[in-house]
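Subject: Structure handover

Hello,

Here is the structure I promised to pass on. Please open it alongside this email, and read my notes with the chains in view.

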Amino acid sequence: MSYAGKSIKRLYDDKFVTGRSTYVDDIKVNSLYAGFVRSNVPHGRIKKVNKEDALKIRGVVAVLTGEEINQLIKEGIGPWTTYVDPRPWKIPLWRFAQGETKYNGEPIAMVLAQDKYTARDAVEAVSVDLEPLDAVIDLQEAKKDKILVHKELGTNYGFVGNFNAGDADKALASSDRRVEVEISNERLIPSPMEPRGIVSHYDGNLTIWYSTQIPHFARAEFSRIFGIPESKIRVIMPDVGGGFGSKAHILPEELAVIAASIRLGRAVRWTATRTEEMMATNSRHNVFKGEIGFKSDGTLTAIKGTLDVELGAYLTYTEGIQPTIIPPMIPGPYKVRDLMIKSQAIYTNTIPITMYRGASRPEATFIIERIMSTVADELKMDDVEVRMRNLIREDQIPYTNPFGLKYDSGDYQTLLKEGVKVLEYHEMKRWASQERAKGRKVGVGLAYYLEICGFGPYEFAETRINRDGSVIVSIGGTPHGQGTETAIAQLVADELQIPIERIKVTWGDSDTVPIGLGTYGSRTLATAGSAAISSSKQVLDKMRRVAARVMNADVEEIDYRNGEFIHKKEGRKVSWDVIAREAYGGKEPGLSASVVLEGDVTFPYGVHMAIVEVDDYGIARVIEYRAYDDIGRVINPALAEGQIHGGGTQAVGQALYELATINENGQLAVTYADYYVPTAVEAPKFKSYFAEKYHPSAYLTKSKGVGEAALIVGPAAIIRALEDATGKKLNKTPALPEDILQ
Amino acid sequence: MKVKVNGVEYEDEVEPRTLLVDFLRDNLNLTGTKIGCDTTTCGACTVLVNGRSVKSCTMLAIQANGKEILTIEGLSSDSKLNPIQQAFKDNFALQCGYCTAGMIVQAHFILSHERDLSEEKVRDMIHGNICRCTGYQNIVNAILDASRRMRA
């Protein structure tokens, strides 16, 4: 029996379909409820927080200000140093607002009450004397450094880096054609369905239930920030209702909840309302402006330009990744080697920017795919032909890109050739052009991507076989809806050759899982899955030794197949269950093995296609979305397809509907009713295919990662389809009706 | 107030402003119903009140006085999945699971009112329930699948 490669049903769905799941807000702990008084100006001096009226309300326990909270918050929120080198950065101290507020919506006081209704009453009853200060909301305005978000930094530039390879000026000068381009992504909101939440309990030790993607990193950060040893902090990740990168962050509200639980000696909880969730995590917003050079045959020769990345008021845990990963990913799967990209990250008095599904690769892909389509348009060449001319050839792989990223495996040209057939690109293009002749505004567009995932530097897994022969696999990856735990159980079931029903996978508790990096960047199956294979191999070796002892044989004489240990020569057999029991009875007791597996990045790639229709009001809909991907070995096709469907629908949102409008007062000017997350009506039909002749990764799973692919490439494919439908040039997301009708 | 939830009668005192969703979750400990938004937009809190599908985050608990409510917990007994729940599981119609309870209750409402379901009709009737993970295709498939199972 083998499980890998099959669409095995998800192991833990029963609790979700029956309503017995447990997210943070479902946890019953005798606790106080936190509420936050927020700034209504983008930049202001906090003169006084008037608590008296709030404290008169029955059930209100405390009102805390930044001065009080920050006595416990010893260090500020910092960047994710595993992936971001903080040295070239200018980083302001980010704790709970004290003295000044830097963005509209920033928490500036905290109330604690016996129930959440009273907490809301108390929030209303606190008044704050705020003296407005000059603020800078607009990214381009902030670049002038006239108004500073953080005076002490002396500039709004948090990071400036030059990503130079080859000689872009020389390549531009010798190009047949040169064209200026401006390509941008507007601000959007990740919007997991479960708003963020935290419960903190302090009894000398801290126990924190937290809707997070990174429980171990969170523990380390809380330890650093509060000056409490990691051994005294336990972070538990219950069921998590989606993250998309937004829950790999630490926010001042969350630190305040922990601080209050320490100060008051009471458990404290906070679950964000949707409005608070929308104000907590804004993502993207960056602009690339520059010039490209190419030959008359369509070969791209040079890219030169400036990438502006907005930071908002503070540097969040992950936002440092964007300005440092977008530029080296811009060459993508193409041969271009002469690039000069100035990347700069800029503070503004707006909601701090966090990462969102794909984090940097969607931006890099949108830039390079828009460039490819620009070359095609300028030369009146076919989109496929232009890409084929520029794609790295199979005999060049492994390929080191001009910025030093080493692409591991793949055959980019063959995938495009096959993909065009599988997706019926040319047929659909013909169909669209016939329909347009009849007056319908339909269009077809494709885009290619190469992404980076499988992020190390390591991941943990332990395989433990219990006395009754059942198996518990603990992993350092922390799935929050992807179903990766089922795929990992499939791999372990194959490795141990036992029924999958005997395997339970656990994760997300910093006390029971020794270490782990969490789930983000499509890394979990490759990294935690490979560690689980490795730990399973080790524990099976131990079982073989026990079997040899039981059978009075040498280990070399013992074979193992499908739950039975067999004496090779004599044919005697002992069952899995007997050996498990024996292992807890005799010498060398116990059956567990844990592995910390070193990992490296992988590079999945593929081609996606969108079919769109635009109505008379300029409202666009993606009718159908098709994908052809090489993600290495596919462990569970249904789970992988699910990621394409989900990412593809988010791509529809990013490309057409989702815009986190910030008004001139720095205020988020949308609610969930007019921030248009796609519903079933706007979501397209999907067809998802995986390249059968996969090009494996170096991981034991041979898989590469798929979680973000469709949101990485989807916006480029959809925008291209819109151009086909309307004949307009569109170089930003979202493309709104007014952009389409103009 | 008096209310019958999933066949069980409850009598309780509530503040007039208590929302139905908070009453179900906090007073009755029925946490299967989720709160996803504060604008009646997402549908995670969908329950049936006297057989009608309602977003319980914008109904006062007191408005349910004397009425019958069905929540996700009332759709299965003895942990035996009902055909809709089984269809969601079989069709990979959930990922993070947060919207699932509301989706399934709404699917139950749709299937008890509509016999001739097309894909377009299902999409239209669940468009008040947002799912951020699955892309809806598998949810639509699950509801159509459940419809076939329930007719068989």
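Below is what I found, taken topic by topic.

First, a caution. This is a predicted model. Please read every value below as computed from that model.

**The interface between the chains**

Start where chain A meets chain B. The contact draws 58 residues from chain A and 48 residues from chain B. About 4500 Å² is buried between the two chains. Carbon and sulfur atoms give 53% of that area. On the chain A side, three residues lose the most area to chain B: Val17(A), Tyr117(A) and Met193(A). Together they account for 17% of what that side buries.

Nine salt bridges are found across the interface of chain A and chain B. Separately, look at Glu120(B) and Lys685(A). Their side chains meet in a salt bridge, at 3.5 Å from N to O.

**A helix pair in chain B**

Next, go to helix H3 (residues 100–113) and helix H5 (residues 137–151) of chain B. Their axes are 11 Å apart, and the helices pack at an angle of about 45°. H3(B) and H5(B) are therefore oblique to each other. Their crossing is right-handed. From H3(B), the contact uses Met103(B), Ala107(B) and Leu111(B). From H5(B) come Ile139(B), Ile143(B), Ala146(B), Ser147(B) and Met150(B). Seven residues of this contact are nonpolar and one is polar. No charged residues take part.

**A helix pair in chain A**

Now compare helix H11 (residues 361–379) and helix H12 (residues 383–390) of chain A. Their axes come within 9 Å and cross at roughly 115°. H11(A) and H12(A) are therefore roughly perpendicular to each other. H11(A) passes H12(A) in a right-handed crossing. H11(A) brings Glu369(A), Met372(A), Ser373(A), Val375(A) and Ala376(A) to the contact. H12(A) meets them with Asp383(A), Val386(A), Arg387(A) and Asn390(A). By class, this contact has four nonpolar, two polar and three charged residues.

**Backbone details in the loops**

There are two cis peptide bonds to look at in chain A.

- Gly456(A) and Pro457(A) are joined by a cis peptide bond, with omega about 5°. Pro457(A) sits in the loop between strand E19 (441–450) and strand E20 (458–465) of chain A.
- Thr733(A) to Pro734(A) is also a cis peptide bond, with omega near -10°. Pro734(A) sits in the loop between strand E30 (732–733) and helix H20 (737–741) of chain A.

In chain B, check Asn50(B). Asn50(B) is not a glycine, yet its phi is positive, at about 45°. The residue lies in the loop between strand E3 (46–49) and strand E4 (52–55) of chain B.

**Asn731(A) and its contacts**

Last, which residues does Asn731(A) touch, leaving out those up to four places away in sequence? They are Glu182(A), Ile183(A), Ser184(A), Phe366(A) and Arg370(A). Asn731(A) itself lies in the loop between helix H19 (709–726) and E30 of chain A. Ala113(A) is another matter. Asn731(A) and Ala113(A) are 618 residues apart in sequence, and their C-alpha atoms are 49 Å apart in space.

Best wishes

How values were computed: Residues numbered from 1 in each chain as written. Chains lettered and ligands numbered in written order. Predicted model: local features only at pLDDT ≥ 70, side-chain atom pairs only at ≥ 80, totals over all residues. Heavy atoms only, no water. Axes fitted to C-alpha atoms, helices over the stretch in contact; angles between N-to-C directions. Helix = DSSP H or I, 4+ residues; strand = E, 2+ residues; numbered from the N terminus. Parallel < 35°, antiparallel > 145°, perpendicular 65-115°, else oblique. Left-handed = near helix turned anticlockwise from the far one by under 90°. Contact = heavy atoms within 4.5 Å. Nonpolar A, V, L, I, M, F, W, Y, C, P; charged D, E, K, R; others polar. Buried area = accessible area lost by both parts, 1.4 Å probe. Salt bridge = Lys/Arg side-chain N within 4 Å of Asp/Glu carboxyl O.
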